[in-house]
Amino acid sequence: MGLTQILVFLLIAIAVGLLLKQERRSWAIFLVSLLSVYLFQPLVPLRDFGFWFPTASILLTAGTWLVVRGEDQKIEPEDIIAGGLSVLIIILVSMNRFVPLEIAWLPGSVPPLLSVLVFLSIFTVLGWVVSVRYEIRRLGTWIYLFGLIGIFVVIKTQPLMLWLSELLREMIGQSTALASTLDFSWLGFSYISFRLLHTLRDRHSGRLPAVSLRDFMTYVLFFPALVAGPIDRIERFVQDLQTSEALDGEQIVAAGRRILLGLVKKFALADGLALLALSPTTAPALRSAGWAWVLLYGYSFQLFFDFSGYTDIAIGMGILTGVTLPENFDQPYLKSNMTTFWNSWHMTLARWFRSYFFNPLTRALRSGLLRNSPGLIVLIGQFSTMLLIGLWHGITWNFALWGLWHGVGLFIHNRWVNYLRARSGPGLITSLPEAATRGLGTLVTFHFTALGWVWFALSDFEMSVNVFRTLFGMTG
Amino acid sequence: MQTEIKEFIQREILKDSGRDIASDEALISSGLIDSFSLVDIALFVEESYGVRIDDAELSTETFDTLAELAALVEQRR
């Protein structure tokens with residue numbers, strides 16, 4: 001999302017918030033969100049996929065809604081209107097080819113209208129058939145669950161992605177030699193799929209509230225949170241949509257400050273620090289330990305300002321449209337241990353993994369086979385969760401190592417706390433004044449996290465090891 | 001009930017019965033209780049009071065203090 005796009009959507013958010021109320025506002029947010037799926041999608045070399053990816057995001061969302069409806073939730077006239085408007089927008093966007101290039105709303109090519117219509121018809125008929133009977137819907141929730149995970153794995157794993165890209169290129173008659181990972185820049189899929197998985201799992205546990213198609217799609221594709229989160233929870237989000245009051249002056253000021261803060265973090269601090277940050281381009285030229293540390297600190301703050309700046313902008317725009325998105329960061333680098341770090345870094349993703357992976361796993365192990373070995377349960381739970389959080393960013397060895405690095409950090413912290421709690425009487429560490437232990441903790445936690453970014457910032461194992469060597473003066 | 005939950009936390013999680021916990025003290029956001037112990041608290045509450053706390057509810061958004069947890073359990077009993 002570039003500065004121009006942010007400003008355009010900021011104006012839209014202000015207009016929606018100031019001019020519209022209640023139902024009208026909800027419909028406006030819905031339509032803007034649908035359009036934003038196309039407008040934020042970057043250009044992809046794969047022909048027509050700048051159109052197909054956003055379309056797939058919309059259809060997967062609508063399809064998931066069809067199957068997650070509760071047993072007695074009927075399709076209401078309002079849902080048919082929302083579905084009809086979605087189809088209308090898809091068709092409207094596919095008309096892009098008839099518009100002169102200067103005023104076209106999509107930078108890339110779009111498929112012929114006929115193939116769009118055929119595709120939409122097949123999808124509608126299939127969706128309808130699957131969703132009529134509740135038993136088939138239940139089966140459908142599992143098909144969507146595994147389907148979404150399947151797509152996620154394919155587009156996050158480079159060799160699989162290249163294989164699929166070659167396959168698709170052959171089908172549409174494009175040069176297979178040019179297949180690249182750029183072919184699969186599917187905007188927002190990591191966030192969209194995790195929101196959908198959350199609704200599917202909540203359907204399975206019976207927690208999912210009855211939500212209209214319009215509100216469901218707005219939740220998944222909400223334009224402020226489409227590109228970089230946060231991952232809200234549907235019951236909370238929908239409550240905000242339904243109770244949104246007219247904007248008051250205080251909210252506008254709060255939103256304005258938040259957005260301004262985000263813009264400064266993202267476009268001044270993060271983009272400025274990018275010149276001094278560890279990256280696959282700067283890493284190979286490193287010779288001295290001093291510079292290596294400068295670049296590592298640079299990257300640590302660049303990443304934080306970039307990501308938390310985005311979140312500030314998203315939250316600010318959310319306020320303007322009447323939705324209070326959840327916080328994603330809470331001064332993570334000032335935390336004094338790994339546990340509180342992970343309570344304050346990418347909080348909504350960490351919470352997602354706790355809710356749908358770590359807690360069920362720990363619960364199962366705790367009441368099953370391993371009930372008497374808490375240490376082992378902590379080890380398994382934390383390592384596997386952090387490994388998956390790492391792989392969420394991309395299925396590569398380096399992201400896996402980054403995840404495991406944090407798994408080790410969390411495990412050591414857990415055991416350390418346990419050790420301190422088990423022993424009685426003051427020890428060396430516990431006898432220090434609290435401010436000193438806290439300060440020491442923050443210093444250690446920050447450096448552990450910063451060193452972990454070496455895996456995260458670089459895509460190559462050998463390059464990362466070399467940076468570690470340089471950092472600790474072990475070169476030559 | 002709040003006292004029983006408090007005693008469980010002191011005995012099984014903090015391993016220090018002398019460490020008092022105020023009913024409005026932040027448990028999760030302060031890091032006093034990690035995510036692993038949170039599952040233990042859920043299992044204890046479920047077994048003792050016959051209520052269900054969903055895995056997705058084990059977070060500060062549902063409860064962060066003893067008083068909030070006790071209120072949640074009371075409401076479901």
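View 1. The model is predicted: local features need pLDDT of at least 70, side-chain atom pairs count only at pLDDT 80 or more, and totals for chains, interfaces and linings use all residues. Residues are numbered from 1 along each chain as its sequence is written, while chains are lettered from A and ligands numbered from 1 in the order in which they are written. Chain B has three helices and zero strands, in the order α-α-α along the sequence; helices (H or I, at least four residues) and strands (E, at least two) are DSSP runs numbered from the N terminus. With a radius of gyration of 11 Å, close to the 11 Å from the globule rule for 77 residues, chain B is as compact as a globular protein of that length. The radius is taken over C-alpha atoms, and the rule is 2.2 Å times the number of residues to the power 0.38. The C-alpha trace of chain B spans about 30 × 20 × 20 Å along its principal axes.

View 2. Chain A comes to 18 helices and zero strands. Its radius of gyration is 24 Å, close to the 23 Å that the globule rule gives for 476 residues, so chain A is as compact as a globular protein of that length. Of these 476 residues, 40% count as buried. The C-alpha atoms of chain A fill a box of roughly 70 × 50 × 50 Å, taken along the principal axes.

**View 3. Helix α14 of chain A.** Helix α14(A) covers residues 347-366 and bends by about 45° at A:Arg354, the bend being the angle between axes fitted to the seven residues ending there and the seven starting there. Buried residues of α14(A) include A:Trp352, A:Phe353, A:Arg354 and A:Phe358. Their cover includes α8, α13 and α15 of chain A together with α2 of chain B.

**View 4. The contact between chains A and B.** The contact takes 16 residues from chain B and 22 residues from chain A, two residues being in contact if their C-beta atoms, placed from the backbone, lie within 7 Å. On the side of chain B that touches chain A, α2(B) gives the most, with five residues.

Conventions
Expected span 1.5 Å × (residues − 1). Buried ≥ 20, exposed ≤ 12 C-beta atoms within 10 Å, placed from the backbone.
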